[in-house]
Amino acid sequence: LSISGTGSLTAEGTGGGSFAGIQVQGNDGKAELTINNVDVTATNNVAQGIILRSGGSSTASLTVNGGKLTASGSDAGIKYVFGSSGTGDGTPTVTVSGNAIVQANGSAGGITSDSSTGIQYGTGSSTTGGIVFDGKNGTVYGDVELQDNLTIGEGESLKLDDVARLSAGSYNVIVDGGTIDDNIKSSLGDSVKYTPTITTTSLPKGTVGTYYKQKLTSDGTEPIKWTISNGSLPAGLSLNENTGEISGTPTATGSYTFTITAKNAYGIKTRELTITVGDAPVYSISLTPNIVKFPSLTEGYEPQAPKTITIKNTGNQTILLEDHGANPWLVITLDKNTLKPNEEVKVSIKLKDDLSAETRSTLKGFITYTSEDGTYRDYAHFDVTYEIRHDMKHVEAKEATHLEEGNIEYWYCEYCDKYYEGALGTNELSLEDITIPKLADHTPTGTWYHDENSHYHICECGEVLDKKAHDFKWVIDKEATTTSEGLKHEECTICGHQKEAVVIPTLEVEIPDTGIRSNTSIWIATILLSLSVLTGTVIYQRKKKEN
C-alpha cells in the first residue's frame with residue numbers, strides 16, 4: 001500500500017481483531033506500507049492503529065519519506081505479524097527519510113513485532129533521515145532537519161542514534177516535561193526551548209499585620225509571565241507578573257486557595273496553591289510559682305525531695321521548651337518539650353547532692369522557649385532560694401605554752417574542713433589565723449613549789465624556774481596569856497611555806513607582896529600552870545596535823 005500526495009489521510013478502525021486503522025496483509029508474501037510526503041493518522045480504540053502481516057519468513061516493511069505518520073491503538077500503535085500463527089522469523093523494518101516523523105503509541109507498545117527477528121530501524125540509502133517515536137521514546141536516524149517545532153511532552157524522550165544528526169533550522173525542539181540527551185542539547189543550543197515548570201509546591205503561612213514576601217519559582221525559557229487564573233490572593237497581597245513575587249501585608253485571617261499560571265512563548269502551566277493567614281503570633285509562658293524555696297540544710301545533707309513548677313503556654317503559638325542540661329547547683333527535669341497553646345507541663349527542680357555552704361543561697365534559674373521554626377526565642381525566669389549551713393563545732397581559746405601551740409576561739413566545719421570566726425560561717429579563717437605559736441621561753445605553771453630553804457616554779461617540760469630563798473615572817477597562831485603559853489610560826493610571804501610552830505611562854509603576873517606565904521596557894525598555882533601547858537600542847541599538835 002502506497003500513500004502519496006500533498007494532503008493528509010485519517011484512517012480509523014472500527015472494531016477489534018484484525019480491523020486496524022490501516023492493515024496491509026501479504027499472506028505468504030511481503031507486506032509493505034509506503035508513505036510519501038503525506039500526514040497520515042491511523043487509529044483504533046480497541047485494537048491496533050496499523051497492522052503489517054507477512055508470511056512467516058517474509059519481510060514486513062514500513063517506509064515513511066517526508067510527512068508524518070501517527071499511529072495509535074489500545075493495543076499497539078504499529079504491529080508486525082508473521083505467518084498465520086504469528087510465530088514467524090521474518091524481518092520487520094522501519095525506514096525513515098526526508099525528515100519524516102513517525103509517532104506510534106499503544107498500551108502494548110508503540111511498535112511491536114511477533115517475529116523472532118528484531119525490528120530494523122534506519123534510513124535506507126537516503127542521505128536524509130527521520131525521527132521515530134516508539135511510544136514515548138524517540139530516536140533520530142540519519143541527518144534530520146526539523147520542518148516544524150518538535151515538542152517533547154511529559155514522559156517523552158529524544159536521543160540521537162549512532163552517527164545521526166539533528167538540526168533545528170528555523171524551528172525549535174520544545175521540551176514540555178520530557179527529556180533530550182546531551183548530544184541534542186549541545187548540537188541545537190539555543191534552539192532547545194523549555195515550557196514553564198512550576199517548582200513551587202507550597203507557600204508559607206502569613207500573619208495579619210506582618211509583611212509577607214515569597215517568590216514563585218519555575219524552570220523554563222525566560223521570560224515567564226505569572227498570573228492568577230482562578231481564586232484570589234489574601235487581601236493585602238499582590239503578584240508581580242514579571243518576577244513571580246507575592247508580597248504585601250495581609251489584613252485578614254483565613255485560608256486562600258488560588259491557581260497560579262506560568263506562561264512563556266512555548267507553553268503554559270498551572271498549579272493550585274494555598275496561603276493561610278493567621279493572627280499575629282503571641283509567644284508567652286507563665287511559671288507557677290516563680291520562687292522555689294528549699295528548707296535549710298546542713299552540709300552533707302541527705303537528698304531532698306524535688307520542688308515542682310508548672311509552665312503554661314499562655315500564647316497562641318506552639319512553643320518548644322529547651323532542657324539546659326548540666327547545672328552546677330540544680331537538677332531540672334521537664335516532662336515534655338512541646339507545648340501547644342494553653343497546654344501545661346510540670347518542671348521538677350531539686351538541689352544537687354552534696355552542695356557546700358559556700359554556694360549561693362539564691363539562684364536565678366530560667367526556662368528557654370522558642371517558636372517551632374526557631375525564629376523566636378525568649379526566657380522565663382524563676383528564683384531558687386535555699387540555705388546550706390556549715391556543720392560547726394565550737395573550739396575554746398587556748399594559750400600557747402613552751403611545749404604546745406595555742407589557738408584563738410574559732411568554729412570548725414568538719415564537712416568542708418574550714419575554720420570560721422563566728423558560728424554563722426561568714427568570715428573564713430586560715431590555720432595561721434587561728435594558731436598561736438609555741439612560746440620561745442619556758443612557761444611556769446601558776447603553782448609555787450618549795451623545799452626547806454627556797455621556793456620555785458616548774459615549766460611543763462620539768463625545768464625549775466624562779467628559784468629564790470624563802471622570805472619568812474612570824475605569824476602568831478595563839479597569843480600567850482598569863483595563864484597559858486601561845487604559839488607562833490615562820491611563814492614565807494611568797495610561797496606560803498611554814499616552819500614548825502614554837503611556844504610563846506606565859507606572861508608573868510605581878511602579885512603584891514603581903515608577907516603571907518601559903519602552901520595551899522602555891523599548890524593551886526602549880527596545878528593551873530600544868531593545865532595551861534597541857535592545853536597548849538594539844539592545840540599545837542592539832543594544828544600541826546592540819547597543816
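View 1. Leu321 is buried here, at a relative accessible area of 4% (buried means under 20% relative accessible area, exposed means over 50%, and partly exposed is in between, with a 1.4 Å probe and protein chains only). Keep in mind that this is a predicted model: local features need pLDDT of at least 70, side-chain atom pairs count only at pLDDT 80 or more, and totals for chains, interfaces and linings use all residues. Residues are numbered from 1 along each chain as its sequence is written, and side-chain values use heavy atoms, with hydrogens and water left out. Leu321 sits in strand 35, residues 319-322 (strands are DSSP runs of E with at least two residues, helices are runs of H or I with at least four, and both are numbered from the N terminus). Skipping residues up to four places away in sequence, Leu321 touches Ile311, Leu334, Lys336, Asn337, Leu339, Val345, Ile367, Thr368 and Tyr369 (contact means heavy atoms within 4.5 Å). For a sense of scale, Thr288 is 33 residues from Leu321 along the chain, and their C-alpha atoms are separated by 16 Å.

**View 2. Lys193, a buried lysine in strand 22.** Strand 22 covers residues 192-194 and includes Lys193. Its lysine, Lys193, has a relative accessible area of 10%, so Lys193 is buried. Leaving out neighbours within four places in sequence, Lys193 is in contact with Asn172, Val173, Ile174, Val175, Thr221 and Tyr266.

**View 3. Salt bridges, three of them up close.** Side chains of opposite charge can pair when their charged atoms come close. Searching the whole structure turns up eleven salt bridges (a side-chain nitrogen of Lys or Arg within 4 Å of a carboxyl oxygen of Asp or Glu). Arg377 bridges to Glu322, with the closest N and O atoms 3.1 Å apart. That pair ties together distant parts of the chain, 55 residues apart: Arg377 belongs to strand 40 (residues 377-389) and Glu322 to strand 35. Arg377 is partly exposed at 46% relative accessibility, and Glu322 is partly exposed at 27%. Elsewhere, Lys30 and Glu32 form a salt bridge whose closest N and O atoms are 3.3 Å apart. Lys30 counts as exposed at 54% relative accessibility, whereas Glu32 is partly exposed at 36%. Then there is Lys350 with Asp353, a salt bridge at 3.6 Å, N to O; Asp353 is partly exposed at 43% relative accessibility.

View 4. Strand 28 and strand 29 (residues 245-248) are antiparallel partners over three bridges. Look for Leu239 opposite Ile246 in strand 29.

View 5. Strand 43 (residues 410-413) meets strand 44 (residues 418-420) in the antiparallel sense, over three bridges. Trp411 stands opposite Tyr420 in strand 44.

**View 6. Aromatic pairs and their geometry.** A pair of aromatic rings is described by the distance of the centres and the angle of the planes. The structure has seven aromatic pairs (rings of Phe, Tyr and Trp, taking the six-membered ring of Trp, pair if their centres lie within 6.5 Å; planes under 30 degrees apart are stacked, over 60 edge-to-face, and the rest tilted). Tyr410 and Tyr419 make an edge-to-face pair, because their ring centres are 5.6 Å apart and their planes at 75°. Both Tyr410 and Tyr419 are buried. Tyr449 and Tyr456 are stacked instead, at 6.3 Å centre to centre with 15° between the planes. Tyr449 is partly exposed at 33% relative accessibility, while Tyr456 counts as buried at 17%. Ring pairs also link Tyr283, Tyr369 and Tyr376 into a cluster.

**View 7. Lysines over ring faces.** Lys488 lies over the face of Trp474, 4.5 Å from the ring centre (a charge sits over a ring if NZ of Lys or CZ of Arg is within 6 Å of the ring centre and within 35 degrees of the ring normal). Lys499 lies over the face of Phe472, at 4.6 Å from the ring centre.

Conventions:
Pairing = 2+ DSSP bridges.
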